[in-house]
Amino acid sequence: MAQPTAVITQVHTPGRPSWDCVACEQLWPCDPAREAMKAEMAATPLAILMWSMLDEAVRDLPPTPATELFERFVKWTG
């Protein structure tokens, strides 16, 4: 049986300051987190949330091209 999306998003969370998933150690948001968030939220609120997460990640991560961060955090939401 599949796990409820709320459980997935509680498990697949970003570890800071690396912004890797604490559950699967992939770049966060990992695929399970993305799927769960898409199931829980409408596209616009999700994009706004992920934009704010990108803003936080920029403070923790080493210098990274803006396009790479945009694709990682926001592009998949739409």
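The answer below treats the helix pair and then the cysteines.

Analyst: The model is a predicted one. The helix pair consists of H3, spanning residues 43-60, and H4, spanning residues 66-73. Two packed helices are described by the angle between their axes and the distance between the axes. Here the axes come within 9 Å and cross at roughly 135 degrees. Angles over 145 degrees count as roughly antiparallel and those from 65 to 115 as roughly perpendicular; H3 and H4 are therefore oblique to each other. Their crossing is right-handed.

On the H3 side, the contact is made by Met50, Trp51, Met53, Leu54, Ala57 and Val58, which meet Leu69, Phe70 and Phe73 of H4. By class, the residues of this contact are nine nonpolar, with no polar and no charged residue.

As for the cysteines, the structure contains zero disulfides. A disulfide requires two cysteine sulfur atoms within 2.5 Å. For Cys24, the closest cysteine sulfur belongs to Cys21 and lies 3.6 Å away, so the pair is too far apart for a bond. The closest cysteine sulfur to that of Cys30 is likewise in Cys21, at 3.7 Å, which is also too far for a bond. In accessibility, Cys24 is partly exposed, at 27% relative accessibility, whereas Cys30 is buried, with a relative accessible area of 3%. The cut-off for buried is under 20%.

Key. Residues are numbered from 1 along each chain as its sequence is written. This is a predicted model: local features need pLDDT of at least 70, side-chain atom pairs count only at pLDDT 80 or more; totals for chains, interfaces and linings use all residues. Side-chain values use heavy atoms; hydrogens and water are left out. Buried means under 20% relative accessible area, exposed over 50%, partly exposed in between (1.4 Å probe, protein chains only). Axes are lines fitted to C-alpha atoms, for helices over the stretch in contact, and angles run from 0 to 180 degrees between N-to-C directions. Helices (H or I, at least four residues) and strands (E, at least two) are DSSP runs, numbered from the N terminus. Angles under 35 degrees count as roughly parallel, over 145 as roughly antiparallel, 65 to 115 as roughly perpendicular and the rest as oblique. A crossing is left-handed if the near helix is turned anticlockwise from the far one by less than a right angle, and right-handed if clockwise. Contact means heavy atoms within 4.5 Å. Ala, Val, Leu, Ile, Met, Phe, Trp, Tyr, Cys and Pro count as nonpolar, Asp, Glu, Lys and Arg as charged, and the others, Gly among them, as polar.
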